[in-house]
Amino acid sequence: ALEDGLKKADADPSVKAVMICGENGKFSAGADIRGFSSPKTLGVALGPIVSLIESSEKPVVAAIEGVALGGGLEVALGCHYRVAHAKARMGLPEVTIGLLPGAEGTQRLPRLIGVPAALDMITTGKHIPATEALKLGLVDEIVEENTIEAAIRLANKVIGQPLGPRRLSLKPVPKLPNMEAFLQEAQVKVKRQARGFLAPELCFQAVQAATQRPFAEGVRRERELFQVLLSSGQAQALQYAFFAERAVHRWATPGGINLLFIIFDSILLLSLGLGTMGQGIVTSLVKANIPVVALEQNLEYLNKGRKAVMVLLEREAKKMEGGAQKLDFHNPARLQFTVDFNLLHDVDLVIEAVFENMALKKEIFHKLSNICKPGALLCTNTSALDIDEIASATSRPQQVIGTHFFSPAHVMRLLEIIYGRHTSPSAIATAMQLAKDMKKVGVVVGNCFGFVGNRMMFPYVEQAVFLLEEGSRPEAVDQVLEDFGFKIGPFRMSDLAGLDVGWRSRKGQGLTGPSLPAGSSARQRRGQRYSPLPDLLCERGRFGQKTGKGWYQYERAGGRTATPDPWIHGFLSQYRDTHRIETRYIDQEEILERCLFSLINEGFAILAEGIASGPEHLDVIYLNGYGWPKHRGGPMFYASTVGLPRVLAKLQKYSEAHPDVPKLRPSAFLKKLVAVGNAPLKEWMSYLSRQSPKL
Ligand SMILES: CCCCCCCCCCCCC[C@H](O)CC(=O)SCCNC(=O)CCNC(=O)[C@H](O)C(C)(C)COP(=O)(O)OP(=O)(O)OC[C@H]1O[C@@H](n2cnc3c(N)ncnc32)[C@H](O)[C@@H]1OP(=O)(O)O
Ligand SMILES: NC(=O)c1ccc[n+]([C@@H]2O[C@H](COP(=O)([O-])OP(=O)(O)OC[C@H]3O[C@@H](n4cnc5c(N)ncnc54)[C@H](O)[C@@H]3O)[C@@H](O)[C@H]2O)c1
C-alpha cells in the first residue's frame, strides 16, 4: 500500500508533497513479527520501499505519533523530514527479537545521529522519547497538539526546497576523531554483555559497515547479516518469548471473562515490612504513582527502612531527570511511613513482606483480616509458604493471594501471582492489574511449595551441589552455566542471595539443625540423597557475600568480587574422603545437562499438576525472574529445541546412575510427550486430560 501510494503521488502533478502517518494515533510498530516465521511474507522487502520514499522528487514528511519502532522508524528515516508528537517513542528494537534493522536502518541512522548514538540505539533496542529524539537530531520538530497538521504545515513550507541534503543515503557518516578506537572499545563492550547472544554483535557489525563502506555496500552487508540472524535459532527463541510474555497477560475466568479491577491511582496500598523486599516494593509502587503507606514493627526498623527507601527513590528520580514523569515521594499523601496499625483501616490492598515464618504470617493476616475494610485485598510476598494456610488465619480467604516479587523488587520485572484454594477470580485479576501498573510481568500460578520459579530452581541447585560432592568445583559449575548464558551460575547466585536463607528454610523443614532426628545419616533424608555441604558452610559462618566467604571468597564482608577459594577446594576433598566418595572428572556436558534437565523435568511435573497454564508461563517466569538467557527462549522452549526424546534419554541415564535422586526421574508427562512423537510445544497442554482447576 505504501509503495502504491507513493507511486501514485509521484505520478500525480497536483500532488506537491506527501505526508505519511499511522492509524489510530500510532505511526508503526514495525514489521509483523509473526511474518518472520512465515515463508509467505519473507519475500516482502521493506528496504526498497524505504529507498523509494527517499528518492521521491516531492518532499515526504513523517508524522510520528505513538510509536515508530523497527521497520516503522526505518520508514520514517526514508522520509525527508520527521515531525513527532511529544509523547511519541522511537527505537530500533529488532535486537530484542534476535534480529537487526533490516530495512537499511543500520545505514541511515548513523548518518543522521552519528555512530555512538546509533550504535547505542541499535545494539540495545531501547525506545527513546521524542524529547531525546529531538536532541539527537532524529526528528526535526516535536509538537504537543496535532502531529498530522504540523507535518502537513511543514510539508507545505518545504515544497520547492532541494531534497538532496535531506536524503540520508547521500550523507556521509559523521566522523569521529578516534573512530577506530571508539569502534574497538564498543565491540568489546557489546561482546562482553552479549554472552553468546548473536544479535548485538551482528548489529554492531552492520553499523561498522556504515562507517567503512558506501551506502549501497553497507545495505548489502546489512542484508547478509539479517539473513544470518533470521535463520538462527536465537531469533526464533526471542520471538517466541515476545509472544509468550503477551500470552501470559491474557488471563480469563473459567467462563472466559477477563475481569476488571480497581483503578490503582486512586487506591491506597500498604506495604508491610520494610526489609530487603519491602523497600523494593515500596519503591516500585511510588514509581507506578500508587499512593502507599509503609508499615514496620517498630521505630528502629521503620527509620532504617525509610532511609533505604529514600536512597532508592532519590536514585530513581535521578534516572528519570529530564523525562516527562516526575517522582512524587516527598508528599505524605503519596508516601507515608508508620508503625501505626490503625492506618490499615483505609487501605485497599496490603502487600505483606515480613520474615518468612508461617506463625508470624498467620498472626499478621489474622490482624489484617480484623482491621482492614471488607473489600481490601490481602497479598503475601512469601517465597514458598502455603497460601491456603496463610489464608486460613483470615475471615476472607477469597481475598488472600500470593504476590511473589523478586529481589531487587524495584528492578526485577517478574511478579508470580499465586492463587489459593479460595482466592476469587477478581482478586487474581486485581493482582494482574497491579503487576501491569507496576510495569511488571504478572504470571498467575497455583499454590505449591516454592510455587513455579523456586520449585524448578530447587533441583537445579541440588544437582549443582551433588556435582561438587562427586568431584567438581563451584567455579567449574558456574562457568558452564555462565557460558550457557546465565549472568551468574548457581554458586555465585547462592553467595549473592545469602546461604543462610536456604539454611533457615531447611531447618524449618527439619532437614538440618536441632529438629533433625538423632542418628540421621549425613547424606540421606527421608530415603533420598541429601547433601549437607551448604549446611556445613553455614555452620562455619560462610553465608556468602555478606560474610565475605561462601562458595567463593570476597575482598571483604559485603564485597562483590568472587575469587575461587583454596579453602573450599581443600574442604571438598576432605569431605569426599570422609564420606568415601570417589572423585571423578565431570565434563561440561554432564554439568549442563544435570542442572538444566532436572529443572526442566520439574517444569513438566508442574504442568502435569496444573500449577501453571502452559509452558509459556514457565518460560516467562524464568526469563524475567531467574536470569535465563533470553536468546534461549526459557527452559521449556529450550527443551523443545534440544528435543524431548534427548532430554528424556539423558534424564533416564542420570536417574539410573543416581537412583536415590527422585528429581532426576523423568516426569510421566515428559514420557507421554515423547511417546506421542515429540509433540511441538504449542500442543503440549492438549495431551493433559486435567487442566488447571481454575485457569
Ligand atoms: C513490512 C514487511 C514485513 C515482512 C517481513 C519480511 C522481512 C524481510 C525484510 C526485512 C525487513 C525488516 C524490517 C524491520 O527492520 C524489522 C522489524 O521491524 S521487526 C519489529 C520491530 N518492532 C518491535 O519489535 C515492536 C514490538 N512491539 C512492542 O514493542 C510493543 O508491542 C509496542 C508496539 C510498544 C506496544 O506495546 P503495548 O501497548 O504494551 O501493547 P502489546 O505489546 O501488548 O501489543 C499489542 C498487540 O500487538 C502485538 N504486536 C505488537 N507489535 C507487534 C509486531 N511488531 N508484530 C506483531 N505483533 C505485534 C502484540 O503481540 C499484542 O498482540 P497479542 O500478542 O496480545 O495478540
Ligand atoms: N529476600 C529475597 O530475595 C526475597 C525474594 C522473594 C520473596 N521474599 C520473601 O519476602 C518476605 C520478606 O523477605 P525480606 O528478605 O524482605 O526479609 P527481611 O528480613 O529483609 O525483612 C523483613 C521485615 O519485616 C519486618 N517485620 C517483621 N515483623 C513485622 C511486623 N509484625 N510488622 C511489621 N513489620 C514486620 C522486619 O522488621 C523486617 O524489616 C519473606 O517472606 C521472604 O521469603 C524474599
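Helix H14 (residues 358-371) has 14 residues, which at 1.5 Å a residue should span 20 Å. Its end C-alpha atoms are 20 Å apart, in agreement. The expected span is 1.5 Å times one less than the number of residues. Helices (H or I, at least four residues) and strands (E, at least two) are DSSP runs, numbered from the N terminus. The model is predicted: local features need pLDDT of at least 70, side-chain atom pairs count only at pLDDT 80 or more, and totals for chains, interfaces and linings use all residues. Residues are numbered from 1 along each chain as its sequence is written, while chains are lettered from A and ligands numbered from 1 in the order in which they are written.

Lys 361, Ile 364, Phe 365 and Leu 368 of H14 are buried (20 or more other C-beta atoms within 10 Å of the residue's own; exposed means 12 or fewer, partly exposed in between; C-beta atoms are placed from the backbone). Down the axis of H14, the buried residues fall within an arc of 100 degrees, so they line one face of the helix. The arc is that of the directions from the helix axis to the C-beta atoms. An α-helix has 3.6 residues a turn, so residues three or four places apart point the same way. Ala 359 and Asn 370, on the other side of H14, are exposed. The cover over the buried residues includes strands S8 (269-272), S11 (349-352), S12 (377-380) and S13 (400-405), and helix H15 (387-391). Contact here means C-beta atoms, placed from the backbone, within 7 Å.

The shell holds 25 residues, of which Gly 273, Gly 275, Met 277, Glu 356 and Ser 407 come nearest (near: C-beta atom, placed from the backbone, within 6 Å). Helices H12 (276-287), H13 (299-320) and H14 each give two or more residues. H12 gives the most, with 3. By class, the shell has 13 nonpolar, 10 polar and 2 charged residues. Ala, Val, Leu, Ile, Met, Phe, Trp, Tyr, Cys and Pro count as nonpolar, Asp, Glu, Lys and Arg as charged, and the others, Gly among them, as polar.

Around ligand 1 stand 26 residues, with Ala 29, Gly 30, Gly 70, Gly 71 and Gly 102 the closest. This shell divides into 14 nonpolar, 7 polar and 5 charged residues.

In strand S2 (residues 60-64), 5 of the 5 residues are buried, so the strand is largely enclosed by the rest of the structure. S2 pairs with strand S1 (residues 18-21) in the parallel sense over 4 bridges (pairing needs at least two DSSP bridges). Val 18 has Val 60 as its bridge partner.

Conventions. Contact = placed C-beta atoms within 7 Å.
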